[in-house]
Amino acid sequence: MSPSKLDSTASFGDGDVSVSCSQPANGLSDSLSLLHSEKAVQELIQQTPVHGSDDHLIEFSEALRTVAKALRRAAEGKAAAQAEAAEWKRRYELERTRNLHLENKGNGICEKLRSWWMQTSINNTTGLIRLMLPCLYCCENWKEQGRRLSKEQSLRENNGVSEGGRLDNSTNQPMLCNQEKEHSNGGCLEHGICSHEVLQDVADFDSNMAHQNKIMRKASFKLSWRCKGENSDQHKHDIVYFEKGNISTAERSSKQISLKWESPPQTLLILTKPNSTSVRILCAQMVRWLREQKKLKIYVEPRVRVELLTESSYFSFVQTWKDEEEILLVHTKVDLVVTLGGDGTVLWAASIFKGPVPPIVPFSLGSLGFMTPFHSEHYRDCLDSVLRGPISITLRNRLQCHVIRDAAKNEIETEEPILVLNEVTIDRGISSYLTNLECYCDNSFVTCVQGDGLILSTTSGSTAYSLAAGGSMVHPQVPGILFTPICPHSLSFRPLILPEHVTVRVQIPFNSRSPAWASFDGKDRKQLAPGDALVCSMAPWPVATACQVDSTDDFLRSIHDGLHWNLRKTQSFDGPRDV
């Protein structure tokens, strides 16, 4: 008998008790009415039945007990739903507070940059004035000297004085001054410097040069779509057309990205794999060649600079950073990054830059090398081609992850966002229990993962841990987030590929038997206690890696050479055939 359809009146003993249950409009009654209904049912059940009651009354009492249980469960369910709604509201307020704090922090940085730019403009104006004053003084001096000589010559002519030697000297002197003036002006126009600079002290000259180096801007470049046929009309974006009731899209066959330098690169950063003698030797050769042949400024890690100076004092021109604050400003000084190692070195290079990343030229000195298409034996030709441009690049998306603690009073107390190029992994760590992870996609419940863990991967990381866990290999320029379980205790749990614009939230439920552990690109391991959550979304700063041919050719060659994809012996031709 359904509780929603029950409408009966039963008499036991001397009293009459009426029980009425009807289904409300919203499908669930108010908590107070539920409690009153449950009390009425309990009182009805506890009353002593008439000795002459038949089997129908016994069945009716059992139905009333069922109604009581249903009402109790409904009340408990509504209380749990209200508690969960209050919890999500609290976390929403925390998220909003954190966003407001970050916005205020960004405004403060903008004010600092604006004041710095104004100060720099004032310094530039002062330097320009100091540059022009000697020139004006020289010009006025030459004009005054010319006027004086011409006046003396006119006086001699009027007085009839004829002194050949002196007259010749006086006529030659203005010519010489004019020649010097023309030569000086020509030098200023051709070489960008004037003869007045010899009047400056050496200290002033060095300070001016240091100031010019300080305000030197990075090399600029632009990205464009590239197609194989120059005459073909395939330079199109993904535009959706709706014409005459039909939906169509533009051509998508030209999604190869080309980088063209608008100004030549001037500063280059070299990152190397540690504890490798061959890499150390190659790094020294490359630094020497770039300095002598390309006249570039070189930045290296502090460890590498020590190694180079130990080898020779010639490498004293190599620059580096001193602390974490200078690392955050490296992207404002460097035009190009060169990595000497494997995929791990590329991951390390991407982790240095917390924001925009300069283009990376990866040389293969590792094991597999899915992201390192260039060979170190031909580094001169490769770097010469890259510095000259244009080059094909692969834009590799990164994930932005941050942990929200259950005990956090506000979002300011949580950890800073972490950027990953391959994947973020949530696993059970040293615990012997299965992980219990509640997964949401844009506030929509996805599933509850019960197994060894979960991998949230970029398409660049699809050939890494996700591949070993059964995920698919995806082209690195396909925008998406891979959702791959690790040894799930289910036969129907298959991997997913989610669109790039979603936000994935992994929650550790309060009834979890053990905490979980999160690792970001294989490092920075963090514990996630019950109630904590990990939120991942696509970062706005991709990593641009140079291609040897193009992104598709490099990707296919990497899975063929690195994984021997679909490698088997070819079927022989001498055998049975269909007639």
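Select Asp553 and Arg557: their side chains form a salt bridge, with N and O 2.5 Å apart. This is a predicted model. Both residues sit in helix α11, four residues apart, which means about one helical turn separates them. Asp553 is partly exposed at 32% relative accessible area, and Arg557 is also partly exposed, at 28%.

His564 is in the segment after α11 (551-563). Its phi is positive, about 50 degrees, although His564 is not a glycine.

Next, select Glu87, Arg90, Arg91 and Asp406, which are linked in a network of salt bridges. Glu87 pairs with Arg90, the closest N and O atoms being 2.8 Å apart. These two are three residues apart in helix α2 (residues 55-159), so about one helical turn lies between them. Glu87 is partly exposed at 22% relative accessibility, as is Arg90 at 30%.

In the other named pair, Asp406 meets Arg91 at 3.1 Å, N to O. Arg91 is buried, at 8% relative accessible area, whereas Asp406 is partly exposed, at 24%. The model has 14 salt bridges.

Now go to Gly389 and Pro390, joined by a cis peptide bond with omega about -10 degrees. Pro390 is in the loop between α9 (379-388) and β12 (391-396).

Finish at Asp442, in the loop between β16 (435-441) and β17 (444-457). Asp442 is not a glycine, yet has a positive phi of about 50 degrees. Its relative accessibility is 39%, so Asp442 counts as partly exposed.

Methods:
Residues numbered from 1 in each chain as written. Predicted model: local features only at pLDDT ≥ 70, side-chain atom pairs only at ≥ 80, totals over all residues. Heavy atoms only, no water. Buried < 20%, exposed > 50% of the residue type's maximum accessible area, 1.4 Å probe, protein only. Salt bridge = Lys/Arg side-chain N within 4 Å of Asp/Glu carboxyl O.
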